[in-house]
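My entries follow in the order I looked things up.

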Amino acid sequence: MAAQRLAVAAGRPDVVVPGAGTFASSDPVLDRIWQVSIRTAGDMLVPGPIATDATGSECAIALPVVIVDGAVRDRCPYVGDQWVIGAAFDVSTPSYEVQRSMLAWYASRQRPDGSIPASPRCAATMTLFDSNAYWLQTLHQYALDSGDLDFVRTVWPVVARLVDTWYASRTRGD
């Protein structure tokens, strides 16, 4: 998987910026945890498009680079992983173009009830309660770290519909 990641980076230097962030402490175990965490996050960047997950189940997403949940185990994007992996990228090797395209993909699949799909699995019809919050958190962190407020403005109607429709229908009026 590392060779594929490097090929993606070499072919599209705007996708991965090597060496953008580092970490060093007086604790070699903590330093090793950082290194392994960042390498693991990098391994979750895979060339797209993807048609199926690791089990052969449908997981269609037609993006040139995809952030997946487990490059070996699941091999399918889940919005919660976008937040965790995106946070690791933002402090080490920012991949803003990939993060933006993933956020936009989820936004473009917003369901009529206002929810955001959890994953491309099941034709992007699966809604998990926490996935909606993860999408909002991911967008917030992306905006803070990238400064790309133009993108945030573009997806703001999705945010409003998620909050005003989906969340509103699941909260008490009192």
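**Entry 1: a helix pair.** I started with helix H7, residues 129–146, and helix H8, residues 149–167. This is a predicted model, so I read every value as computed. I asked how closely the axes of H7 and H8 approach, and at what angle they cross. They come within 11 Å and cross at roughly 155°. Angles over 145 degrees count as roughly antiparallel. H7 and H8 are therefore roughly antiparallel to each other. I also looked up the hand of the crossing: H7 passes H8 in a left-handed way.

Next I listed the residues that meet. From H7 I noted Phe 129, Asn 132, Ala 133, Trp 135, Leu 136, Leu 139, Tyr 142 and Ala 143. On the H8 side they meet Leu 149, Phe 151, Val 152, Val 155, Val 158, Val 159, Leu 162, Trp 166 and Tyr 167. I then sorted the contact of H7 with H8 by class: 16 residues are nonpolar, one is polar and none is charged.

**Entry 2: Leu 103.** I moved to helix H5, residues 96–108, where Leu 103 has its place. Is Leu 103 buried or exposed? Its relative accessible area is 2%. Buried means under 20%, so Leu 103 counts as buried. I left aside the neighbours within four places in sequence and looked for other contacts of Leu 103. I found Trp 135, Thr 138, Leu 139, Tyr 142 and Phe 151. Among them, Trp 135, Leu 139 and Tyr 142 are in the H7 list above, and Phe 151 is in the H8 list.

**Entry 3: cysteines.** How many disulfides does a search of the whole structure find? It finds one. Cys 59 and Cys 76 form this disulfide, with their sulfur atoms 1.8 Å apart. The torsion about their S-S bond is about 90°, so I logged the disulfide as right-handed. Cys 59 lies in strand E3, residues 58–61. Cys 76 lies in the loop between helix H3 (70–74) and helix H4 (79–90). The pair therefore ties together parts that are 17 residues apart in sequence. Cys 59 is buried at 0% relative accessible area, and Cys 76 is buried at 1%.

That left Cys 122 to check. Cys 122 is partly exposed, with a relative accessible area of 44%.

Technical notes. Residues numbered from 1 in each chain as written. Predicted model: local features only at pLDDT ≥ 70, side-chain atom pairs only at ≥ 80, totals over all residues. Heavy atoms only, no water. Axes fitted to C-alpha atoms, helices over the stretch in contact; angles between N-to-C directions. Helix = DSSP H or I, 4+ residues; strand = E, 2+ residues; numbered from the N terminus. Parallel < 35°, antiparallel > 145°, perpendicular 65-115°, else oblique. Left-handed = near helix turned anticlockwise from the far one by under 90°. Contact = heavy atoms within 4.5 Å. Nonpolar A, V, L, I, M, F, W, Y, C, P; charged D, E, K, R; others polar. Buried < 20%, exposed > 50% of the residue type's maximum accessible area, 1.4 Å probe, protein only. Disulfide = S-S within 2.5 Å.
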